[in-house]
Amino acid sequence: MTSSLRFLWPWLALAMLFAGAPQIYSSGSALTMMSVMGEMIIFALSFNMLLGQTGLLSFGHAVYFGLGGFVAIHAMNALIRAKVGVPVVVIPLVGGAAGLAFGVLFGLISTRRAGLVFSMISLGLGELVSSSSFILRSFFGGEEGITTNRTKLAPFFGHKFGSQIEVYYLVAVWCFFCIAAMYALTRTPFGRMCNAVRENGERVEYVGYSAQTIRFIAFSFSAFFAGIAGGLTAVNFEIMNAQQLGAQQSGLVLLMSYIGGIGHFAGPILGAILITFLQITLSDVTNAWQLYFGLLFIGFVLFAPGGLAGWLMLHRDAALKRELWRLAPAYGMVAPALAASFAGAVMLIELAERQLALARSEGSAMRLFGFEVDAASMGPWLMGLVLFCGGVGLTWLVWPKVTGAWGSLTSA
Amino acid sequence: MLQIVVFSTLNGILYGMLLFMLASGLTLVFSMMGVLNFAHASFYMLGAYLGFEISRHLGFWSGLIIAPLCVGGIGALVERFGLRQLHRLGHVSELLFTFGLAFVIEELVQMIWGKLPVNYNVPPSLDFVAFRLFDTTYPAYRMFMLLTAVAMFAALLIVLTKTRIGLIIQAALTHPDMVAMLGHNVPRLFMVVFGAGSALAGLAGVIAGPALVTQPSMATLLGPILFVVIVVGGLGSLTGAFVASLIIGLVQTFAVAMNISFSELLGPIAPPLLGDLWQVTIAELAPVIPYLLLVTVLIFRPTGLIGKRES
């Protein structure tokens, strides 16, 4: 009884979270954002099936996401034209099937090798598909993309999915089951063999498995789930264009998964939520949001290769040992230094953005952290520089305390 | 017809040599450090933009000298303070670092010089017609580019095969531990090679900037093609990179010149299926050809045309 409860409660909590989120954030923009988050969670988890679990770094994962979405949107249009009574709820499955089909096709080529050769083929295939999207205009719709209207499909128990809340629940249900399915997959013997392939392909061969077959199956599964995410995106936005299978989308999913943490199953979920949130809110606040993304990514690669999830898991272990308090003094010392360097960096970037990109058209006056400043004057620049350099210097001085605190903790 | 062949050959060789200027640094860095540098094309872009900025104040020729040196310095700093820190975490971390770096450089360039192409022009001293053949003129600047690229190629060849530092570099490619044993500072050698490769990419940017378009997307446009070059040629093989650069340069230039579609080529045997696929002209197909080549080569010869190693 207790063991089944221990197993079930995270899933119950997740289901509650999905069901309850619209009660708390009920505005239209919040619903749209949460729908996108759901799609990105599936996409990022499918990506991590390759990178985190099988050790295959793909630079063209958006191909399966995008192709799934395009096939889904064409299927929707065909169903509308033929007046076949298929409800919109099964459309993501069409996307998944398309993702699977292309995954099998391209997987046969690309999973014959692991490592760098795999990465390069995935990059080549990604570029191949995204550059042919400008040639095959009738399928990819050229610059404008392909549009559809989901409300013209057959209603599902009276729901026509015209409002965003209905779409949100559609995404939430699909997202929940995809998370469950992908988690279940990691618990099967096959999931364990994927990990073994990641750790040491040669020894897998000695045990009697074919590493190539395992890579191929993992790749196909991953493309299937990416296709579902693409299908959901097609339903949500009612439009697909070539950007959604391009290099930028492939880079975005890598960013999400890595920042969330590729070493833990829940990592990509965290990353997808955080990056989608930042992507939508940050682009309203600053023009330089992509620069922040890049710097955030580099920061994680350099200083926290475990990602958010890795960082959280470390602290959970400390908390379970009831030793979290030992870290508090060191954290208390390093936090102001980190905050200062962060604020300084933001100030410098914003000032530079204003002075270099916007001053000619909009003048150099701007609001920074609620203060009116002039980007053409020396004052704010000096302050930003002092904050940044001082913060970095202090962090560098105080950091040994943090490592020392962690050291005392593991030895205790 | 003959005129198309002559000019396409010239332009193809030029494009190929330009590719090789970038690919040589990339493949040298790869074989030494095992890092596939995603930011290499970004150094090329930085070269073009710095060349533009310097040429506005000091003229084109100063830019030609100073900009590659600056880019080389930036490259050396990236190796010293970025990649070297990440070495203990393995190659994937290093690869991802350069991936993020490429992203950041593109954003910075957009911030500083704007999203539109900048007005980086051919210097007046080179703005004349080199020769005229069958009523078509060939600009002198292109000849200058070709000569620079060939000179660089010769210099690289001499440095790598005839000088002491070149021999140490070659030795460090295969036996870094032994070279370190003999008392050479291998990490510093890595930094020098990385910096030199970046400088070469910067030089390619300075001379390509006025002829092509200097814009923030020039790195993302060229980057994937560079990977095609070094993978098709064989990872870590300089000769392979040279051959592949020329092949891709020539194939792409000739494809652009051919303005016939498959339905014209195949005539009545073109199947009715996939209507717009057969309407595609070979010129439109040009951007796809390198990737088709990459996928085909990797299927049939995963080590590339000349290379020996797989990863």
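This is a predicted model: local features need pLDDT of at least 70, side-chain atom pairs count only at pLDDT 80 or more; totals for chains, interfaces and linings use all residues.
Residues are numbered from 1 along each chain as its sequence is written, chains are lettered from A in the order in which they are written, and side-chain values use heavy atoms, with hydrogens and water left out.

**View 1. The interface of chain B and chain A.** The two chains bury about 3600 Å² between them, 82% of it on carbon and sulfur atoms; buried area is the accessible area (1.4 Å probe) that two parts lose on being put together, summed over both. The contact (heavy atoms within 4.5 Å) takes 40 residues from chain B and 39 residues from chain A.

View 2. A:S46 lies in helix α2 (residues 28–54) of chain A, where a helix is a DSSP run of H or I with at least four residues, numbered from the N terminus. Because its relative accessibility is 0%, A:S46 counts as buried, a word that means under 20% relative accessible area (1.4 Å probe, protein chains only). Not counting residues up to four places away in sequence, A:S46 touches A:H61, A:M182, A:S222, A:F225 and A:A226.

**View 3. Residue B:L2.** B:L2 is found in helix α1 (residues 2–33) of chain B, and at 54% relative accessibility it counts as exposed, which means over 50%.

Note on methods. Helices (H or I, at least four residues) and strands (E, at least two) are DSSP runs, numbered from the N terminus.
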